[in-house]
Amino acid sequence: RRTLDLKEETRIVYRNIVIDNDKHAVFVDETPCELTFKEYELLKYLMINKGIVLSRDKIMNQVWGFDYEGESRTVDMHIKTLRAKLHDDVENPRYIKTIRSVGYKFIG
């Protein structure tokens, strides 16, 4: 039997980015943004924790799960592709900021 998780936000909105959990879709400037499942989960985790610096390990554990045995470079590569799809600039980020030697944060 399926239970309803009331903690799950139906929509997460920041500036021109909308995550619609009911449709499992992301919109940037009202245009659908095609993301892989992990990119979607990564963006959602970053947006929910807007303004908080998240270590690569913390991101890895939350998005990939504790039993994932990949490298932390996996997070970096997914951040890179996510930035490209959001048209975010590494040098002058609008959304995802790199915190050297620590991890990333969604700018809030």
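Let's start with Tyr95, which is buried at a relative accessible area of 1% (buried means under 20%, exposed over 50% and partly exposed in between, with a 1.4 Å probe and protein chains only). The model is predicted, so local features need pLDDT of at least 70 and side-chain atom pairs pLDDT 80 or more, while totals for chains, interfaces and linings use all residues. Residues are numbered from 1 along each chain as its sequence is written, and side-chain values use heavy atoms, with hydrogens and water left out.

**The ring cluster**
- Searching the whole structure turns up two aromatic pairs (rings of Phe, Tyr and Trp, the latter by its six-membered ring, with centres within 6.5 Å; planes under 30 degrees apart are stacked, over 60 edge-to-face, the rest tilted).
- Tyr14 and Phe106 form an edge-to-face pair, because their ring centres are 5.2 Å apart and their planes stand at 75°.
- This pair joins strand β1 (residues 11-14) to strand β7 (residues 103-106), so parts 92 residues apart in sequence are tied together (strands are DSSP E runs of at least two residues, helices H or I runs of at least four, numbered from the N terminus).
- Tyr95 and Phe106 are stacked, with centres 6.2 Å apart and planes at 20°.
- Here Tyr95 comes from the loop between α3 (73-86) and β6 (96-99), eleven residues from Phe106 in strand β7.
- Together, ring pairs link Tyr14, Tyr95 and Phe106 into a cluster.

- Phe106 is buried, with a relative accessible area of 1%.
- Tyr14 is buried too, at 10%.
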